[in-house]
Amino acid sequence: MLSSQRFKTHLLYLKGLIRAPFPTPKANPFALTLSLKYSSITSEQHSFTVSYLINNCAFSPETALKASKLVRFETAEKPDSVIAFFRNNGFSHSQINNIVRRVPNLLTCNPHKRVFPKFEFLTSNGLPKSDIVRLVTGCPGFLSSSLENCIVPSYKLVRRFLQSDKEVIGRILAGRNFLSYKLAKQNVRLLLEDGGVSDSNITYLLRRRPTILLTGDMRRALDEVKEMGFDPSKLSFGMALLAKKGISKSRWDAKVDAFKSWGWSEELVLSAFKQAPMVMLTSKDKINEVMKFWVNQLGWNSLALAKGPVVFGYNLGKRIVPRGLVVQHLIAKGLRKKNASLFVPFIIPENLFFEKFVKCFEEESHQLLKLYQESMGV
C-alpha cells in the first residue's frame with residue numbers, strides 16, 4: 001500500500017501522462033466544451049482504474065497505466081467482487097494478483113457467469129480445489145476460453161487417450177495451447193486416420209510432450225518419419241515423431257556433427273536413430289560427455305556405441321560411469337572377453353548387473369563393489 005503523499009505523487013504523474021492535449025485557440029468553442037468534458041470524464045475513470053490496480057492488485061504505476069488501456073471501471077464494485085470470488089475459492093492474494101496482471105479484463109467480468117461454470121466443470125471431473133488453483137494460476141488464459149467450444153472438447157479429446165481425469169488436466173496444463181482445440185483435433189485426426197498411427201503413440205506424445213500435437217506442418221513430419229521406415233503401429237514411431245518435431249534443423253545438424261566428430265558417419269547416425277529414436281533427444285553436450293568417457297577413459301571404440309545407442313539415454317554419473325569402470329576392470333583382469341558386447345552391461349536392470357558383473361566374481365566382488373560405489377555420481 002502506498003503512503004498518502006507517495007500515492008498523490010503517482011496520481012499527479014499519471015494524470016499528467018493521460019490528460020488529453022488542449023485544442024488550439026482557433027478551435028470551435030462548442031467542440032472545445034465537448035472535448036474538455038469528455039477528457040475530464042475519461043481522465044477520472046482512467047485515474048480510478050490505475051489507482052485501484054496499484055492499491056489493490058500490487059501493480060506498479062507503469063504496469064497499471066498499460067493495463068488501464070485494456071480495462072477500465074468507474075467504481076470498485078465489479079473488481080472487488082472478482083477478487084472476493086477468487087479469494088473464496090482458495091486463491092491467495094499473490095495468486096490473485098498474478099492472474100489479474102496476466103488477464104486484467106477479468107476485473108470487469110461477472111465471475112459467477114464467466115469463471116464459476118469452468119470451476120464447476122473441473123470439479124465435476126474429480127479435480128480437487130487445490131489443483132484448480134494450480135491450473136488457473138499457471139494458465140489464467142484458461143478463464144478466457146469458451147467452456148463449450150474449447151475446454152470441454154479439448155478435455156474429451158485428451159481423455160480418450162489417458163487413464164484419469166487428473167492426468168488429463170495435467171497434460172492440458174503442460175500443453176496450455178490445448179485450448180486451441182481446432183489445431184489439436186486436426187493433428188490427432190491426421191495421425192490416426194491419414195497416418196495410421198496407433199492410439200498408444202498419441203498417448204505417448206501426450207505424456208511425453210503434449211505441445212507436439214499443437215504444432216503446424218504435422219503432415220511433413222509424419223511423411224518424413226514414415227519414409228525413414230518407422231512403423232506407425234509401433235511405439236518407436238511416436239518417439240521418432242517426437243524427435244523430428246521437437247528438434248529444430250539447426251539443433252539436429254549440430255548433434256549429427258557431434259557424432260561425426262567421434263568417427264560416426266551420417267549413415268551410422270541414421271541407423272542409430274532407427275534403433276533408438278530417443279538418441280536424437282540427447283543434448284549435444286551429453287553426446288560429447290558420453291563419447292569422451294567411452295573413448296578417452298575406457299579406451300573403447302566409439303563405433304561400438306552405434307550398436308547400442310540407447311546407452312546415450314542413461315544417466316552418465318549414476319549408470320554409465322560406474323558400470324563402465326566395472327566392465328573395464330573385468331576386461332583388464334581377463335575376466336571378460338574383449339570382443340564381448342560392450343553395451344549389454346549398460347542396458348540390463350541393476351540387480352541383474354550386480355549378479356552377472358559383480359557377485360559372480362567372488363575374489364573380485366569386494367573390489368568391484370567398492371569401485372562401483374565410489375564412482376557413483378562422478
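What does the chain average in pLDDT, and what share of the residues score at least 70? I started here because this is a predicted model, and pLDDT is the predictor's confidence in each residue. The chain averages 85, and 85% of the residues reach at least 70.

**Entry 1: confidence along the chain.** Helix α1 (residues 4-18) has the lowest mean pLDDT, 44, while helix α17 (residues 284-297) has the highest, 97. I also noted that the pLDDT is below 50 over residues 1-45. Beyond near neighbours in sequence, that stretch has 25 contacts in the model.

**Entry 2: helix α4.** Next I picked α4, which runs over residues 77-88 and has 12 residues. From first C-alpha to last it reaches 16 Å, close to the 16 Å expected at 1.5 Å a residue. Which residues of α4 are buried? I found Pro 79, Val 82, Ile 83, Phe 85 and Phe 86. They sit on the same side of α4, because they cover an arc of only 155 degrees around the axis. An α-helix has 3.6 residues a turn, so residues three or four places apart point the same way. On the face turned away from the buried side I found the exposed residues Glu 77 and Asn 88. After α4 comes Gly 90, with a positive phi near 95 degrees.

**Entry 3: the core.** The largest nonpolar core has 113 residues, and Phe 86 and Val 136 have the most contacts inside it. Helix α18 (residues 316-332) gives this core its largest share, eight residues. Leaving out residues up to four places away in sequence, Phe 86 touches several partners, among them Phe 91, Ile 96, Leu 106, Phe 119 and Val 136.

Conventions:
Residues numbered from 1 in each chain as written. Predicted model: local features only at pLDDT ≥ 70, side-chain atom pairs only at ≥ 80, totals over all residues. Heavy atoms only, no water. Helix = DSSP H or I, 4+ residues; strand = E, 2+ residues; numbered from the N terminus. Expected span 1.5 Å × (residues − 1). Buried < 20%, exposed > 50% of the residue type's maximum accessible area, 1.4 Å probe, protein only. Arc of directions from axis to C-beta. pLDDT = per-residue confidence, 0-100. Contact = heavy atoms within 4.5 Å. Core = buried A, V, L, I, M, F, W, Y, C linked by side-chain atoms within 4.5 Å.
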